[in-house]
Amino acid sequence: MSPPLLVLLSGPNLNLLGEREPAIYGREALDDHVATASAAAEASGLTLEHHQSNHEGELIELVHGARGRAAALIVNAGALTHYSWSLHDALASFDGPVIELHLSNPAAREPFRHLSVIAPVADGSIAGFGGLGYLLAVQAVARLLGVPAKGAS
Ligand code: DQA
């Protein structure tokens, strides 16, 4: 049997991590965070697939493509978090754990970031821990799926 699939989705502007507003988002590139998540997934016997898109419709297609194929989703939707009801509806169609992830803590930033329209269709949210959030999100998925979450006791 093939290992359960975990899909990590990265939304708009996350391809610029490392260069973009480093005081807020840190100096690590998206590839560094994907490597963290992949290593954590592998340690729990999960296969990680990552996709980044700057396009709302493409992210929605990626959620559709994960349906029936992936066991869980981790989503850092970037600014789409705050207004994409289409992404909300797509995530609502996914049958499995959904973790909302942010590097920064949107609740402590500008008012427009205080609303997450994807939070109601996520099992939980991890925000404000920088790159550590990618490890925590995979550990949360492992726990929710009932597979061993290595490094978390
Ligand atoms: C972000 C927070 C969002 O408000 C912002 O638009 C991003 C990144 C984060 O990871 O902290 O692009 O999702």
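**Exercise 1. The ligand shell**

Task: Which residues are around the ligand, and how do they divide into nonpolar, polar and charged?

Solution. This is a predicted model.
- Step 1: List the residues around the ligand: R20, Y25, N76, G78, A79, H82, H102, L103, S104 and R113.
- Step 2: Sort these shell residues by class, which gives 3 nonpolar, 5 polar and 2 charged.
- Step 3: For the sorting, Gly is counted as polar, while Ala, Leu and Tyr count as nonpolar and Arg counts as charged.

**Exercise 2. Polar contacts and cover**

Task: Which atoms of A79, H102 and L103 lie at the listed distances from an oxygen atom of the ligand, and what percentage of the ligand's accessible area does the protein cover?

Solution.
- Step 1: Take the side chain of H102, where an N or O atom is 2.8 Å from an oxygen atom of the ligand.
- Step 2: Turn to the backbone. At L103, a backbone N or O atom is 2.8 Å from a ligand oxygen. At A79, a polar backbone atom is 3.1 Å from an oxygen atom of the ligand.
- Step 3: Compare with the cut-off; a polar contact requires N or O atoms within 3.5 Å.
- Step 4: Consider the cover. On its own the ligand has 320 Å² of accessible area, and the protein covers 99% of that.
- Step 5: Locate the site. The ligand takes up the space of the largest cavity.

**Exercise 3. N76**

Task: Where is N76 placed, is N76 buried or exposed, and which atom of G78 lies 3.1 Å from a polar atom of the N76 side chain?

Solution.
- Step 1: N76 belongs to strand β3, which covers residues 72–76.
- Step 2: N76 counts as buried because its relative accessibility is 4%, and the cut-off for buried is under 20%.
- Step 3: A polar atom of the N76 side chain lies 3.1 Å from the backbone nitrogen of G78.
- Step 4: Return to the ligand; N76 and G78 are both among the residues around it.

**Exercise 4. S10 and F94**

Task: In which elements are S10 and F94 found, and how far in space are their C-alpha atoms from those of V75 and A70, respectively?

Solution.
- Step 1: S10 is part of strand β1, residues 5–10. With 0% relative accessibility, S10 is classed as buried.
- Step 2: Between S10 and V75 the C-alpha distance is 6.2 Å, although 65 residues separate them in sequence.
- Step 3: F94 is in the loop that joins α4 (85–92) and β4 (98–102). F94 is also buried, because its relative accessibility is 7%.
- Step 4: F94 and A70 are 24 residues apart along the chain, and their C-alpha atoms are 9.1 Å apart.

Definitions and conventions:
Residues are numbered from 1 along each chain as its sequence is written. This is a predicted model: local features need pLDDT of at least 70, side-chain atom pairs count only at pLDDT 80 or more; totals for chains, interfaces and linings use all residues. Side-chain values use heavy atoms; hydrogens and water are left out. A residue is near a molecule or strand if one of its heavy atoms lies within 4 Å of it. A polar contact is a pair of N or O atoms within 3.5 Å; within protein, one must be able to donate a hydrogen and the other to accept it, and residues adjacent in sequence count only if both atoms are side-chain atoms. Accessible areas come from the Shrake-Rupley method with a 1.4 Å probe; for residues, only the protein chains shown count as cover. On a 1 Å grid over the protein atoms alone, a cavity is a set of points where a 1.4 Å probe fits but cannot get out, and a pocket is an open set with protein on both sides within 12 Å along at least five of seven lines; lining residues have an atom within 4 Å of a point. A molecule sits in a cavity or pocket if more than half of its atoms lie within 2 Å of its grid points. Helices (H or I, at least four residues) and strands (E, at least two) are DSSP runs, numbered from the N terminus. Buried means under 20% relative accessible area, exposed over 50%, partly exposed in between (1.4 Å probe, protein chains only).
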